[in-house]
Each structure stands twice: as C-alpha cells, then as structure tokens.
Amino acid sequence: MTPASNAILLVGHPNVGKSVLFHRLTGAYVNVSNYPGTTVEVTRASARFDREAVLLDTPGVLALPSRSDDERATVRALLEEDTRCLVQVGDAKNLRRTLTLTALLADLGVPLVLALNMHDEAAARGVTVDIPALAEELGIPVLATVATGGNGVAELAGCLPDARVPQAMLHYDSEFEADIAITAAAITRLAPHPYLAARGLAILFLGGDPEVAAWLAARAGERFAELETLRQQAAERAEGDLPTLLARERTEAADALSASVIQRALRSSPLLSQRIGQYVVHPLWGIPILLGVLYLVYQFVGVFGATVLVGLLEKDLFEGILNPAFTDFVTAAVNVPWITEVLVGQYGLWTMGMTYALALILPIVTTFFFAFGILEDSGYLPRLTVIANRLFALIGLNGRAVLPMVLGLGCVTMATLTTRILHSPRERMITIFLLALAIPCSAQLGVVLGMLGGVSFTAVLIWTLAMVLVLLLSGFLAARLIPGRRIPLVTELPPMRLPIVGNVLKKTGGRLKWYLVEVIPLFLLGTFIMFVLDKSGALPAIIEAGEPLVSGWLGLPREASAAFVMGFLRRDFGATGLFAMAHTLSPVQAVVGMITITLFIPCFASLMMMVKEQGVKVALGMVAVIVPFAFLIGGLFNIALRALWMPA
Amino acid sequence: MSPKHGARLPLAFIPPGTEVRLAGFGDEIDALQREQLTAYGLAESRPLKVLQQRPMTVILADEVELALEHAVARHIWVEREPGAE
C-alpha cells in the first residue's frame with residue numbers, strides 16, 4: 001500500500017479507546033472491544049473533518065521500543081507514513097503510563113496532540129488532571145475526551161491544526177545522552193529519515209527496536225555495521241540492560257510530571273464496577289458467574305435466535321410465504337426448466353442458498369453478535385483470561401489464548417488474525433490449530449444449538465463436552481509436539497463498564513454487514529456447485545462413495561454426505577445442510593453429525609487466513625490432520641453414544 | 001536483584017487487601033518481561049494494592065488492575081507500606 005499523504009496517526013496503549021475515537025473521527029467501522037489487542041493491523045479512513053486528511057488507527061503499544069507484532073506494526077506506520085501529526089490517545093486515569101509513551105514520542109520530533117480519554121472513569125475514581133498545566137508543560141494541545149459518548153471529539157478535531165512538537169520531557173543520564181547523540185549523528189549521516197528526528201530513532205534503535213533497525217539497515221546498506229557497533233558499545237557501557245534502563249528513566253520522568261498535574265481524592269470504598277470486576281475473577285464466584293453468563297448466551301442465541309427467530313423466518317416467512325410465491329413467479333415467468341431449477345429447485349439459489357443465508361444464519365449470527373458485543377463492551381472477556389488460565393496451562397498456553405478462542409465463536413477467520421496478540425510463535429501455532437479444529441463460528445454454533453437444542457439439553461451437553469475434550473486432548477498433544485516454552489500470563493484487566501446499547505448495535509451492524517458480504521456469495525456459489533454436482537451425477541457418486549464412512553462409520557443417513565461436501569466450502573454451510581435434514585435424524589445421529597461437522601475442515605476464508613499467518617505448508621499440514629481426525633472422533637462418539645446413551 | 005531478608009516479600013505471598021511498595025524484580029524475570037512489567041507501571045518504590053491471590057495474583061497499580069500468574073508474582077519483591085497491617 002502506498003503511504004498516505006497528510007496522515008494523522010492515532011497511537012496509544014491498548015484499550016484506551018483509539019478505535020472508538022477513530023470511528024468518531026471517520027465514521028469508519030473498526031472491530032472495537034473492551035479488551036487489549038482488538039486492533040491488530042493499521043486501519044485507515046478519510047477524516048470527517050478534513051477530506052484531505054487520512055486517519056490511521058494503529059494497534060495499541062504496551063511500550064516502545066517495539067517487541068510484539070502489533071507494536072512493530074505501529075512503528076512501521078511511524079516510519080513509513082507521511083505523517084502530518086500524531087494523536088496520542090491516553091488513559092486519563094493512568095496518566096503516568098500515558099506520559100511514559102509521550103516521553104518517547106516527544107523525541108521523534110513529530111507534531112502531537114494528546115487526547116486524555118476515559119475522563120469519566122478517571123473522575124469516578126477521584127482522579128483529576130490539571131489539563132492546562134499539562135498542556136503548558138508539554139507545549140502541545142491536551143484535551144479531555146470520552147470517546148464512547150463523543151465528548152471532546154469535536155474539540156479534538158478542531159485543535160489538530162495546532163499540533164506541536166512536544167517539549168522534551170527528559171534528559172537521560174549523561175552517559176546515555178552521549179550515546180544517543182553519537183548514534184543520532186550517525187543516523188543523520190547514514191540514513192536520515194524524511195521527518196522523524198534522528199534523536200528519537202537513536203533512542204528506539206539503542207532500545208533494540210527491530211523495525212527501526214531494519215529500516216536503518218535498508219537505508220544505510222553496508223554502513224549499517226557502524227550503527228550496530230555503536231549500539232553494541234552503548235550496551236556494553238551500560239550497567240544493566242540498556243533498553244530497561246532507558247525505559248526506567250522515561251518512567252521516572254513521567255512519574256514526576258504526572259505527580260505535578262494530578263490530584264487524587266481519597267475514596268473510602270471501591271467503585272461498584274470494581275467490586276463486580278473482582279467478583280467475576282473471584283476463585284469461588286467466578287465459575288458460577290461464568291456458567292450463568294453461558295446459560296444466558298445459550299438462552300438468547302440458542303433458544304431465542306436459533307429456535308424462535310429461525311422458526312418465524314424459515315417456517316413462517318420463507319417456507320410459508322416467500323418460497324412458494326417466488327417459485328410460482330419463476331415457474332410462470334421462465335420457460336427454461338433448468339433455469340427454474342437453478343433458482344428454485346432442490347439446490348436452488350433462492351430455495352437453498354438465500355434461504356440458508358437469510359432464514360437460518362442471519363437470525364443466529366445477529367443474536368450471537370449482539371450477545372458477544374455486550375460481553376466485549378462490559379469488560380468481561382479479559383477476565384475470562386484469569387479464569388481460564390489454569391485450564392489453558394494444561395495445553396501449553398496461557399489464559400490470553402482464550403480471547404482468540406472466544407472471538408472464534410464469532411468468526412474463526414477474524415480470530416485467526418487476532419492470534420497476533422499472543423506473545424510467541426508457538427502459542428500462535430497451537431491456538432490457530434485449535435481454532436481450526438474445535439472452535440465453531442457463530443453461524444455454526446447457532447446451527448448446532450438450534451439443532452441439538454431441539455433434541456434435548458443432554459444433546460447440547462454431550463456436544464459441548466466433546467468439543468472441550470477434543471480441545472484439551474489435541475491441545476495437550478500439540479503443546480508437547482511443538483517445541484518451545486509456555487509464557488506465564490501477565491495481563492491488564494480493563495474496568496467493567498455498562499455497555500452502551502447504541503455502540504453494541506453499531507458494532508453488531510458492522511459485523512453483520514461484513515459477514516453477509518462474505519457469506520451470501522459463498523452460499524450461492526456453494527449451492528450452484530451442489531446443483532452442478534447433482535445434475536452431472538457426481539453428487540450421487542460422492543454420496544455412494546462416502547457411504548461406508550458416513551453411514552457405516554458415523555451412522556448417518558447416506559444423504560448426509562452432501563452436507564460434508566458442502567462443508568468443504570464453509571463448515572456452517574455443511575452444518576446448515578444437516579440442520580435442514582434434522583427431522584430425519586435420531587438424537588445420536590444429530591449429535592454425531594454436529595460433532596463431526598464442527599471438527600471438520602475450517603471454512604475457505606479461515607483457511608486463507610491460516611495460510612497468511614502460518615504459511616502454506618503449516619496450514620495444509622493442519623488440514624491434513626483435522627479432516628481424518630474429525631471423522632475418527634465422530635465415529636468413536638457414534639459407537640460410544642449408541643452403547644451408552646440411546647440406540648439410534 | 002536479590003531480596004533483602006526481612007524487609008522484602010514475594011508479591012505472591014501478600015494477603016489480599018494489603019498495600020505494598022514494589023522493591024524490585026528477581027533475576028528469574030527476564031529482560032523482556034521486566035520491560036513489560038515496567039510498561040504496565042510496575043517500577044521500584046511504586047505503591048500497589050493486592051486485590052486477590054487466587055486463581056491469580058491481581059493487583060491495583062495506578063487505577064489499573066493487573067493479573068499476574070504466580071510464576072511471575074513469586075519473583076516480584078515488595079515491601080509493606082509503613083503503617084500497613
């Protein structure tokens with residue numbers, strides 16, 4: 001992508017509200033959540049207030065110099081974009097941490113505006129920031145904002161032309177200053193940046209930033225060795241780890257400045273939101289609360305969405321009114337029989353493709369995305385990392401992996417991308433494998449809940465236990481086969497908040513749009529492929545070839561083979577195929593079918609994302625394990641359930 | 001950095017509700033994790049409050065709640081605030 005001219009970069013720590021502010025300033029939708037790591041790539045859109053300006057939402061940085069993938073993405077944006085100014089979005093209730101980043105950004109020599117966001121939460125905690133004093137100390141515009149409510153956003157847009165290069169917040173120890181000056185001079189000579197100050201680049205480079213090192217190496221060529229020598233000499237002179245020592249001095253400077261502009265009122269008791277947050281991760285109450293939350297989600301998505309709404313849409317609207325009317329219209333208007341069949345036949349684009357997409361999937365994903373949005377914005381999901389940590393330790397991961405896993409219940413493709421929040425390649429590989437294997441996306445989950453909910457609660461429970469068992473077993477094996485060590489969990493727990501319904505609806509709408517744009521063409525394509533396979537005689541042949549596996553091993557009706565063929569395109573398409581034949585299945589067949597199709601090959605879009613994140617070889621290797629494994633587990637459950645639960 | 005006996009205790013041993021001051025990181029915490037903890041606002045002599053110890057150590061530092069696994073909290077050395085229980 002070519003660098004944007006007049007770029008305005010939103011930078012800041014994770015979970016400080018950059019993406020909400022981005023939405024307010026551009027109108028563009030970004031997947032926003034109340035947990036760190038939502039934004040894993042730089043997103044850009046035209047600014048509402050200035051059509052010539054392009055706003056960039058960068059991933060949150062815990063600290064600079066960069067260490068994680070998202071921090072590297074932010075540094076790349078700083079290095080490569082033609083930046084007009086930076087907007088640092090900071091957490092008003094944690095000014096010290098905000099200013100630690102400001103101390104580094106100030107040395108980059110780029111005009112800056114500081115938006116102290118979540119001002120309402122700071123005030124609720126008795127934290128008051130003397131904003132005019134802070135603006136004077138830094139020499140830049142500083143504003144209080146509450147992005148979720150839109151407070152201060154217009155003022156922020158209005159003061160962007162006043163952005164200034166901040167005054168330096170600190171002078172490092174004199175020996176460090178000497179090293180910084182020598183390195184900055186060498187950068188100016190060997191690889192000058194068009195607008196970033198050499199001093200800031202020198203600090204990042206001496207701090208071990210890999211992106212800055214790569215950028216300098218590309219510009220300086222063979223003479224990069226000179227810079228590398230300077231870095232080594234500085235590291236040898238330092239009494240301790242140089243990046244840590246530099247970071248500590250920035251922290252001390254931030255501490256001093258924040259102490260001079262902040263006032264804290266004494267509070268006698270914690271806020272209600274803090275109390276709720278503590279109960280949610282309480283060793284005794286955490287698990288019952290989790291079960292209660294899961295039950296409510298099940299009632300809303302599995303019962304209300306997948307049963308009530310699907311019933312209204314599929315039975316009453318589509319089968320009762322729309323499909324007969326459309327079939328009559330097409331039959332009367334089109335005289336070519338095969339075209340009629342393409343549109344309204346057994347594998348018709350309307351009667352199968354659009355009916356599946358709109359009558360079966362739409363109500364399910366809508367209710368799921370809404371419930372998920374509520375959980376995200378409440379701050380509950382990061383607390384799940386604490387509850388899940390011990391369980392995830394069994395599979396060589398830490399609780400942080402629960403976030404992509406839970407996101408995977410929304411969309412596995414999106415979740416595969418967010419595995420970048422994990423700290424090691426090993427954690428990412430294990431998590432992507434487990435996502436591809438045992439995490440059903442919202443559409444599939446809804447279909448599963450809708451179908452098995454109609455059978456019995458026991459059926460839902462067996463399916464859930466099967467998924468957890470497979471997840472733990474395969475994770476346990478993967479953790480032992482993939483070399484590397486487990487990283488202990490250290491994570492921030494954002495405040496519990498009352499979700500704003502308008503924001504949740506906007507987010508649900510954005511996700512639905514994204515989902516339908518992806519799902520409808522694929523459902524139509526899938527239906528057309530099924531039509532061609534049927535008419536060419538291939539589908540009956542596949543059904544016959546698959547009979548020993550599908551009917552013999554899995555104990556399903558022979559027609560279920562068609563669902564697995566559909567599942568190659570999208571798992572939820574396949575699951576919907578089974579859902580459509582639910583009335584012909586026994587309870588055991590319904591459970592076995594759903595277990596197998598859930599474990600089956602991930603959808604085409606997720607597969608592409610797996611290739612993007614892990615490479616072709618690893619992605620295909622995963623698929624080669626997953627497909628036979630799905631049938632193996634399905635067959636074993638068929639045998640076990642017939643013996644222990646009820647005969648088919 | 002090694003603990004000075006008597007005055008310093010591992011964060012993982014501090015009862016919930018206690019206010020302490022961070023004294024230092026143990027050598028077991030590698031440079032990368034030390035940077036991460038510093039970025040979260042954990043620096044020497046900073047005050048923090050222990051909120052709970054199970055299933056993980058949860059602390060409040062500068063109005064930010066952090067959850068740390070015991071494997072990490074065991075190697076963070078703290079001193080009790082003067083006058084604290």
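At what angle do the axes of helix 19 and helix 21 of chain A cross? Let us start there, keeping in mind that this is a predicted model. Helix 19 of chain A covers residues 425-438 and helix 21 of chain A covers residues 457-481; their axes come within 10 Å and cross at roughly 150°. Angles over 145 degrees count as roughly antiparallel, and helix 19 and helix 21 of chain A are therefore roughly antiparallel to each other. The crossing of these two helices of chain A is right-handed.

You can follow this contact residue by residue. Helix 19 of chain A brings I430(A), F433(A), L434(A), L437(A) and A438(A). From helix 21 of chain A come M467(A), V470(A), L471(A), S474(A), G475(A), A478(A) and A479(A). Sorted by class, the residues of this contact are ten nonpolar and two polar, with no charged ones.

Now step back to chain A as a whole. Chain A is divided into domain 1 (7-162), domain 2 (174-264) and domain 3 (286-644). The centres of domain 2 and domain 3 of chain A, taken over C-alpha atoms, are separated by 48 Å.

Next, look at where the two chains touch. Chain B puts 27 residues into the contact, and chain A puts in 29 residues. On the side of chain B, the elements giving two or more residues are helix 1 (31-39), strand 3 (47-52), strand 5 (64-68) and helix 2 (70-73). Helix 1 of chain B gives the most, with eight residues. By class, the side of chain B that touches chain A has 16 nonpolar, four polar and seven charged residues.

Strand 5 of chain B also pairs with a strand of the other chain. Its partner is strand 9 of chain A (residues 490-493), and the two pair in the antiparallel sense over four bridges. To find your way along them, look for E492(A), which stands opposite L66(B) in strand 5 of chain B.

Finally, a few details of the backbone deserve a look. Most residues other than glycine have a negative phi, and most peptide bonds are trans. In chain A, the peptide bond from L64(A) to P65(A) is cis, with omega near 5°. P65(A) sits in the loop between strand 3 (54-57) and helix 2 (69-80) of chain A. In chain B, a cis peptide bond joins R54(B) and P55(B), with omega about 0°, and P55(B) belongs to the loop between strand 3 and strand 4 (57-61) of chain B. M118(A), a residue other than glycine, has a positive phi, near 55°. You will find M118(A) in the loop between strand 5 (112-117) and helix 4 (119-124) of chain A.

Note on methods
Residues are numbered from 1 along each chain as its sequence is written. Chains are lettered from A and ligands numbered from 1 in the order in which they are written. This is a predicted model: local features need pLDDT of at least 70, side-chain atom pairs count only at pLDDT 80 or more; totals for chains, interfaces and linings use all residues. Axes are lines fitted to C-alpha atoms, for helices over the stretch in contact, and angles run from 0 to 180 degrees between N-to-C directions. Angles under 35 degrees count as roughly parallel, over 145 as roughly antiparallel, 65 to 115 as roughly perpendicular and the rest as oblique. A crossing is left-handed if the near helix is turned anticlockwise from the far one by less than a right angle, and right-handed if clockwise. Two residues are in contact if their C-beta atoms, placed from the backbone, lie within 7 Å. Ala, Val, Leu, Ile, Met, Phe, Trp, Tyr, Cys and Pro count as nonpolar, Asp, Glu, Lys and Arg as charged, and the others, Gly among them, as polar. Two strands pair if DSSP finds at least two bridges between them. Domain bounds come from an automatic or database domain assignment.
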